[in-house]
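Please keep the sequence and the 3D view at hand while reading.

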Amino acid sequence: MEGPSPLEIARRAVLLARAAGAEQCDAIVSMYTESNVTVRLGELEKLIEAGSMALGLRVINGGRTAVCSTSDLSPLSLERFAAETVELASISEPDECAGLPGQALLASAPNAAALALYDERLESLSTEQKIQMARACEGAAFATDPRITNSDGASLSTRIGHMALANSLGFEGSYPATTISLVVEAIADDAEGKKRNGYWYSAERSLHRLLDPEEIGRIAARRTLDQLGARKVPTCQVHVVFEPMMAVSLMGDLVGCANGSALYRGATFLGGRLGEKIGSPLVTITDDPSIPGRFGSRPFDGEGVATRPNTIMAKGVFSAFLFDCYTARRTGNLTTGSAQRGIESLPVPGPSNLTLEPGQATPEEIIAGVPSGLYLTTLMGSGFNPATGDYSRGAGGFWIESGQVAYPVTEINISSRMDAMLAGIDAIGNDLSWFGASAAPTLRIGEMTVSGT
Amino acid sequence: MSDPGAIALAFFNDRYRIDPAAMSSLLSIALSRGGDFAELFFEHRTNSAIQWEDQRVKSASRNVAQGVGIRVVKGDAIGYAYTESLDMAAMRRAAETASRIGTSDERPLPVDATPHLTGAPSHYGFDSPLTSEPPAAKVALLERADRAARAHDTSIARLDASIGDELKYVMVARSDGKVVGDIQPLIRFNVSALSQQGESRQVARTGGGGRLGIEYFEQVTPESLAIDAARQAVLQQDAREAPAGVLPVVLAAGDSGVLLHEAVGHGLEADFNRKGTSNYTGRVGQPVASPLVTVVDDGTIAGSRGSINVDDEGNPATRSVLIEGGTLRGYLHDEVSARHFGVAPSGSGRRETFKDYILPRMTNTFMLPGQDTPEDIIRGVDRGIYAVSYSGGQVNISNGDFVFSVTEAYMIEEGKLTSPLRNVMLIGNGPDVLSKVTRVAHDYQLSDGRWTCGKDGQSIPVGVGMPTVLVSGITVGGTRV
């Protein structure tokens with residue numbers, strides 16, 4: 001894209017806002033080009049290519065906050081935009097906790113290169129190559145088994161982006177990042193006219209880490225075939241084994257509660273429980289923004305604060321909330337360098353790369369220890385209440401009988417409370433698996449309610 | 001507003017010099033590689049919001065986005081590109097990119113894109129958009145909500161609220177010569193109330209709004225929304241754990257329509273049926289529900305959150321009967337699926353923004369009323385659940401399996417509502433549940449405008465509605481065995 005760089009625009013916005021009367025301000029600019037090719041039944045179905053650049057500006061004047069965004073970045077428009085943002089801040093009321101980070105917290109000489117967030121090979125990946133990858137992926141799903149009769153298509157997306165952040169304290173940071181993802185959904189016909197579907201995907205920062213397209217197709221096909229003949233089970237209380245992707249979901253629900261924003265709003269069951277032993281000693285969860293090549297890695301956070309690893313749960317002991325500057329000040333803490341920032345909104349705390357530390361057991365050993373229970377491969381709906389910890393989700397997977405996977409199950413629900421689930425984790429696998437910015441192994445919970453017939 | 005279509009066309013012409021000649025030229029480029037159909041979707045959108053916390057305005061925001069999305073259709077396939085820059089050079093590049101879904105040699109065709117104004121009546125009930133109200137008027141509404149919630153119950157320890165409004169100018173120019181415009185307003189008021197009793201904290205959320213101006217708050221006051229959130233939070237303090245297993249469920253009027261939206265509506269969107277990936281594929285004319293069930297999607301309801309004068313392909317919104325007396329009548333169509341099935345588009349082609357591609361989507365989806373009274377329906381249940389409001393749900397389109405989180409629910413015991421329940425999930429299968437609808441009441445209600453539908457990562461505002469209905473059995477995902 002021609003014209004000024006994202007950092008030049010962020011810098012200009014900060015200067016213009018200062019000139020318009022802003023005491024404090026920061027500006028974030030996101031520029032990207034994206035592409036998507038979707039192949040269905042072997043034919044090209046969708047081809048998208050486009051680029052975008054937009055600016056978000058936060059102004060804090062005497063504790064009064066406004067945030068505005070625009071994609072009209074011409075010099076004249078920018079000047080008016082900065083003045084309007086300063087004016088809008090006067091609607092807000094003073095909040096002593098609002099403000100930029102202290103100078104000492106800001107990242108000095110942030111180095112994104114070491115994080116391996118950018119793969120220049122994505123720039124030269126041709127549309128034809130992308131179509132071939134999507135076609136290979138879907139083709140492998142069909143080739144796996146003749147019972148795969150339909151597909152929702154294989155979709156390959158790339159994004160080549162560049163973000164910049166500047167603030168009125170003189171912080172300037174900027175780095176490029178890429179993503180590539182490939183997803184496919186395979187469909188089979190089951191008895192009574194029911195269809196079964198399963199998907200699989202891979203999403204990475206660089207092409208060489210992407211799972212082989214054919215392997216993605218084969219896994220999606222296998223997950224679909226596995227669901228043929230799925231049935232309900234009677235309501236009962238049993239062991240539940242979470243496959244790694246499901247364990248990532250559980251960890252995400254928990255970490256959403258270990259959040260400064262939920263803390264000051266009184267909306268988390270973890271309020272007042274720092275240092276308390278909540279989980280089984282098998283449970284250690286870390287948040288690490290410095291892992292090379294991972295989705296959540298970042299050299300500075302959404303406010304320019306230097307990032308650092310945080311341990312959220314250490315051997316079952318709840319050990320950290322994640323904070324940005326505002327939520328830290330509200331609760332008498334220090335920022336953990338966890339500010340996330342979109343163009344259109346104020347910073348909020350959030351995780352970078354989450355890992356549930358693996359254990360010793362193989363997944364087979366974990367299943368073998370279950371006399372009767374559920375092997376969970378699907379969760380549906382949003383039945384988790386962060387304020388109370390009540391957990392209730394639609395579920396599917398396999399029934400385990402006498403330590404063996406017996407048959408597929410569907411249309412059931414699992415429920416418990418988050419603290420009981422964490423305390424009840426009695427096995428953790430050695431099969432750490434990454435999904436986007438999170439990694440977890442297989443885990444087993446001693447007892448949950450399964451609702452069925 | 002007299003004629004939103006004409007005003008929108010003038011807006012893009014005056015502000016960006018996008019006139020019939022410019023549109024004709026871009027469409028001609030878009031079709032130059034043999035596409036069957038092309039369209040330009042221009043959008044200028046302003047979103048404003050004020051956040052209220054700790055009995056004061058925490059922050060104010062305004063986001064402005066503009067751009068054009070250019071789509072070329074070739075058979076069932078689409079080429080798509082967008083640009084935020086509305087100058088001719090950038091738009092020409094986007095048109096060339098989109099054209100590449102066609103495969104023939106470059107050969108520009110003349111296209112005539114001259115606006116035809118329909119002068120059709122607008123489905124938006126407002127005189128002036130909320131965007132143009134002074135901030136103080138909006139802040140006053142937030143203050144009223146705060147006072148009302150705290151006065152409702154002394155356990156209300158926090159009240160977070162926000163008022164948001166959107167004003168969207170759109171213009172669609174198509175290679176078949178159709179050019180239409182619209183101005184789409186949308187307002188939204190959200191409340192979250194926290195009840196604290198000792199160590200026990202319960203949070204409840206409500207919201208409302210629609211395609212209306214500030215006069216919405218004369219019909220639905222900030223006080224009523226805030227008190228409803230406060231009431232639900234306090235109610236949860238005394239709620240029992242929900243039972244687990246299959247039980248009769250009475251779905252209350254209004255909000256329960258979200259169940260219909262998820263469990264049935266998505267499966268009737270024609271893209272899934274064109275691909276044969278829906279459980280309703282090939283079943284038009286067949287019984288798919290109890291004879292008591294008639295389901296309608298209607299984008300023309302005045303002021304409703306899901307209503308649109310024209311969809312994002314420029315087709316007027318319609319009222320579509322999807323299921324009539326239990327028999328499947330048809331699907332919701334955009335241009336691509338309508339061409340595929342050889343039917344007329346139903347005005348269901350929608351996109352979140354100019355950056356997103358068109359999909360067949362619902363507008364306002366609801367079940368028509370029946371003969372029963374809600375009181376009789378509850379009286380007839382020996383042991384079951386009465387489900388009133390929901391925080392959300394999800395469906396697997398391929399087989400109709402769904403789940404719903406119920407935020408306000410009660411036990412029914414011997415025909416009477418007894419204790420409130422917490423942690424209630426409803427798990428089932430859309431066609432199966434619709435076949436088990438055994439009673440339908442006369443008390444149809446459209447839910448207040450708070451629902452947003454997600455599909456392929458695109459979020460759009462929708463309306464839902466329902467009369468009180470008895471489903472003879474749904475799996476309830478509770479913890480009490």
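The model is a predicted one. E1(A) covers residues 24-40, and E2(A) covers residues 43-61. The two strands run antiparallel and are joined by 17 bridges. One facing pair can be found at A:Gln24, which stands opposite A:Ile60 in E2(A).

The pairing of E2(A) with E3(A) is antiparallel and runs over seven bridges. Within the pair, A:Leu57 stands opposite A:Cys68 in E3(A).

How many of the 19 residues of E2(A) are buried? The count is 17, so the strand is largely enclosed by the rest of the structure. A residue counts as buried here when 20 or more other C-beta atoms lie within 10 Å of its own.

## Pairing across the chains

E2(A) has a partner in chain B as well: strand E3(B), residues 77-83, pairs with E2(A) in the parallel sense over three bridges. Two facing pairs show where the strands meet. A:Lys46 stands opposite B:Ile78, and A:Leu47 stands opposite B:Gly79. Both B:Ile78 and B:Gly79 belong to E3(B).

## The contact between chains A and B

The contact between the chains takes 57 residues from chain A and 66 residues from chain B. On the chain A side, E2(A) gives the most, with nine residues. The elements of chain A that supply at least two residues each include strand E3 (64-70), strand E4 (148-167), strand E6 (195-204) and strand E7 (236-242). Further along chain A, strand E16 (390-401), strand E17 (404-417) and strand E21 (443-451) also meet that mark.

By class, the side of chain A that touches chain B holds 16 nonpolar, 25 polar and 16 charged residues.

## Two domains in chain A

Chain A is assigned domain 1 (6-225) and domain 2 (230-453). Their C-alpha centres lie 24 Å apart. The contact between these domains takes 33 residues from domain 1 and 21 residues from domain 2.

On the domain 1 side, the elements giving two or more residues are E1, E2, E3, E4 and strand E5 (172-189) of chain A. The residues of the domain 1 side divide into 20 nonpolar, nine polar and four charged.

## Chain B as a whole

Chain B contains 11 helices and 23 strands. Its C-alpha trace spans about 75 × 55 × 35 Å along the principal axes. A compact globule of 481 residues would have a radius of gyration near 23 Å, and the 24 Å of chain B agrees with this.

Of the 481 residues in chain B, 62% count as buried. Among contacts in chain B with a separation of 6 or more, 76% are accounted for by residues 24 or more positions apart.

Methods
Residues are numbered from 1 along each chain as its sequence is written. Chains are lettered from A and ligands numbered from 1 in the order in which they are written. This is a predicted model: local features need pLDDT of at least 70, side-chain atom pairs count only at pLDDT 80 or more; totals for chains, interfaces and linings use all residues. Helices (H or I, at least four residues) and strands (E, at least two) are DSSP runs, numbered from the N terminus. The radius of gyration is taken over C-alpha atoms; the globule rule is 2.2 Å times the number of residues to the power 0.38. A residue is buried if 20 or more other C-beta atoms lie within 10 Å of its own, exposed if 12 or fewer, and partly exposed in between; C-beta atoms are placed from the backbone. Two residues are in contact if their C-beta atoms, placed from the backbone, lie within 7 Å. Ala, Val, Leu, Ile, Met, Phe, Trp, Tyr, Cys and Pro count as nonpolar, Asp, Glu, Lys and Arg as charged, and the others, Gly among them, as polar. Two strands pair if DSSP finds at least two bridges between them. Domain bounds come from an automatic or database domain assignment.
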